[in-house]
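Here is a short tour of a two-chain model for you to follow with the viewer open. Have a look at the overall fold, and then we will walk through the details together.

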Amino acid sequence: MPRLALISVLLFGVVHLPKGGPADVYAADPSATPEAIERMKEIWGLDQPLHVQYLRWVTRLVQGDWGRSYVERRPAIEVVADRLGPTLRLTGAALLVGLMAGVGLGVLAGVSRSPGVQHAVRVIAVLGMSVPTFWSGAIVLLVFSSYLRWIPAGGVGTIGGEATLLDALWHLAAPALVLGSVYVAQWMRYVQAGLESVADDDFVRTARAKGLSRARALLRHGLPNVLLPLVTVLGLELPRLLSGAMVTEVVFSWPGIGRLLHGSLVTRDYPVVLGTLIVAGVAVLIVNLATDLLYGVLDPRVRYA
Amino acid sequence: MRWRVFFHQPLGVAAAVVLLALAVAAFAAPYLAPYDPNAIDLRTLQRPPGGAHWLGTDDLGRDVLSRMLYAGRISLLLALVVTALATAIGTTLGALAGFFGRWTDRLVSLATDALLSLPVLGLAMVAGSVLRPNLWTLAVVLALVSWPILARIARAQVLTLRERTYAEAARALGLRPQRVLFRHLLPNAVAPLIVAATLLGAQVLLVESALSFLGYGMRPPTPSWGGMLNEAQAFYRQSPWLAVFPGLAITLTVSALNFVGDALRAAMGGRGG
């Protein structure tokens with residue numbers, strides 16, 4: 001709760017404290033007379049001191065009134081809600097890509113004892129988290145869309161076309177792969193390090209004493225223990241995933257929260273700007289809470305801790 | 001920190017050399033750059049790499065190599081300043097929180113958790129959009145959103161070091177708490193902080209270039225690697241080299257920082273970071 005309060009103060013401050021905030025947007029219009037500006041400020045409540053504005057904003061926020069979008073002339077909460085689906089789809093798919101490839105490669109590296117493989121995994125891991133997604137995304141688009149014409153140039157579906165599942169997946173593939181590739185490296189490394197650390201644990205040794213091969217002992221007995229903490233890591237990584245999604249959405253013209261934020265900043269549509277950030281903050285809090293609870297279900301040991 | 005271990009890692013050493021070379025190139029940009037980075041030449045629009053322009057020219061006929069060198073100055077300077085600022089803020093706040101506990105800890109942890117649960121890029125985008133930043137405001141904005149990771153690590157370090165016998169001895173001698181913290185505890189926490197700062201530098205560079213790519217970073221015509229990718233967006237198809245080189249520069253620098261951080265972590269004995 002206090003965290004939520006601080007987040008709200010922070011967001012409000014970032015938008016309202018500096019010059020060029022909502023109040024100055026109207027003033028910048030040369031056709032606006034001083035009286036009209038004053039009247040607009042009164043209507044939007046911008047003539048009040050900041051703490052009054054903040055309290056009013058927070059009260060309404062909690063009641064579900066996030067203000068009206070200056071541009072779309074409808075409640076900001078609706079504008080944001082419309083974009084939630086695409087972002088969830090993109091981040092979900094990227095997470096899936098990252099997890100599957102990352103855990104797969106991590107297991108490969110963790111079970112293998114060849115220094116060459118382990119070295120290669122380390123290099124790939126570092127390179128993977130060093131490539132900016134807005135660049136790799138642009139290159140992917142350039143090669144596979146502009147030149148080869150294998151994938152669409154962006155968007156969630158063919159415009160005017162039938163909304164089939166296949167079409168949606170076809171549009172989703174490239175951005176999800178680009179965004180997910182960043183996480184492949186991380187999970188891979190995490191799983192490899194985890195497998196190495198449990199390799200000497202008693203329960204893996206017992207399994208080997210029973211006559212299991214090293215690989216089998218690690219996979220059957222070691223891996224579940226390594227994957228468990230992944231649930232928490234997943235929750236903690238979410239803000240970064242959202243940051244990544246914001247750029248990826250812009251590159252691939254994906255109509256999600258990130259592109260909405262970008263567009264709203266350009267048009268200075270502050271209720272929507274705040275709305276997107278609030279949604280992001282709340283999503284992270286919910287996921288963190290959910291992972292904590294889930295962890296208790298998955299690992300009985302923490303329930304008594 | 002065992003430096004012998006660091007120097008026995010070819011990748012880490014190579015990455016350090018690359019970083020050094022990049023830093024020198026950026027520092028010496030005015031002497032190395034063959035052209036004025038902002039000189040518009042309408043006779044040489046979008047020339048492919050080769051000939052008089054090694055890396056080609058952009059849509060305004062500006063020399064890409066010269067712009068890249070000057071952009072490196074901005075990007076590296078920003079990464080350095082932001083990392084230094086964020087490390088200073090994060091270490092101080094984290095150390096105070098870990099050492100004094102109680103309400104100091106609660107306050108710092110609250111701020112850390114709040115900032116860590118927001119997408120950094122989103123916050124920086126908003127700040128960049130309302131502030132129209134120059135180099136220094138941009139650095140402050142980025143530092144203000146990136147210190148929490150350092151604070152977490154400093155806090156955790158101080159929390160464990162505080163229980164060591166030498167800390168107890170220092171307290172038993174009647175030293176003032178500030179002295180115990182800054183003279184006895186923090187120096188022992190330096191190694192993991194250096195690793196974290198190196199990796200943070202890589203993150204900062206990525207966020208900064210994403211910010212510039214989206215148009216919230218340095219204002220044109222000041223070149224930055226992300227900004228160059230932004231300006232070239234409409235010409236990727238006709239002039240792919242405009243898309244390739246700045247991205248390569250970012251990837252090279254970020255991965256060099258990450259490799260150095262990796263090697264430093266190994267030199268520390270795999271702890272922390």
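## Chain B at a glance

In chain B, 71% of the contacts between residues at least 6 apart in sequence join residues at least 24 apart. Keep in mind as you read that this is a predicted model. Chain B has 13 helices and 0 strands, and its elements run α-α-α-α-α-α-α-α-α-α-α-α-α from the N terminus on.

Along the principal axes, the C-alpha atoms of chain B fill a box of roughly 75 × 45 × 30 Å. Of its 273 residues, 52% count as buried.

## Chain A at a glance

Turning to chain A, the secondary structure comes to 14 helices and 0 strands. Read from the N terminus, the order is α-α-α-α-α-α-α-α-α-α-α-α-α-α. Chain A holds 305 residues, and buried residues make up 37% of them. For contacts in chain A with a separation of 6 or more, 68% come from residues 24 or more positions apart.

## Two domains in chain A

Chain A is divided into domain 1, residues 2-62, and domain 2, residues 85-298. Where these two meet, the contact takes 6 residues from domain 1 and 8 residues from domain 2. On the domain 1 side, the elements that give two or more residues are α1 and α2 (22-27) of chain A. The most comes from α1(A), with 4 residues. What is the class make-up of this domain 1 side? It has 6 nonpolar, no polar and no charged residues.

## Where the chains meet

## The nonpolar core

The largest nonpolar core has 152 residues, and B:A124, B:L142 and B:L150 touch the most other members. This core draws at least three residues from each of domain 1 (2-62) and domain 2 (85-298) of chain A. For background, nonpolar side chains tend to be buried together in soluble globular proteins.

Which residues does B:A124 touch, leaving aside those up to four places away in sequence? They are B:V141, B:L142, B:V145, B:V207 and B:L211.

## A closer look at α12(A)

One helix worth a stop is α12(A), which is mostly covered, with 8 of its 11 residues buried. The buried ones are A:I257, A:G258, A:R259, A:L260, A:L261, A:H262, A:S264 and A:L265. What do the buried residues of α12(A) pack against? In chain A they pack against α5 (76-111), α11 and α13, together with α6 (120-131) and α11 (190-214) of chain B. After α12(A) comes A:R268, whose phi is positive, near 60°.

The axes of α11(A) and α12(A) come within 7 Å and cross at roughly 75°. An angle from 65 to 115 degrees counts as roughly perpendicular, so α11(A) is roughly perpendicular to α12(A). From α11(A), the residues A:A245, A:M246, A:V247, A:E249 and A:V250 meet A:G258, A:R259, A:L261 and A:H262 in α12(A). The residues of this contact of α11(A) with α12(A) divide into 5 nonpolar, 2 polar and 2 charged.

## One alanine in chain B

To finish, find B:A156 in helix α8 (residues 148-161) of chain B. Is B:A156 buried, exposed or partly exposed? A residue needs 20 or more other C-beta atoms within 10 Å to be buried, and 12 or fewer to be exposed. B:A156 has 15 other C-beta atoms within 10 Å, so B:A156 is partly exposed.

Key
Residues numbered from 1 in each chain as written. Chains lettered and ligands numbered in written order. Predicted model: local features only at pLDDT ≥ 70, side-chain atom pairs only at ≥ 80, totals over all residues. Contact = placed C-beta atoms within 7 Å. Domains from an automatic or database assignment. Nonpolar A, V, L, I, M, F, W, Y, C, P; charged D, E, K, R; others polar. Core = buried A, V, L, I, M, F, W, Y, C linked by C-beta atoms within 7 Å. Axes fitted to C-alpha atoms, helices over the stretch in contact; angles between N-to-C directions. Parallel < 35°, antiparallel > 145°, perpendicular 65-115°, else oblique.
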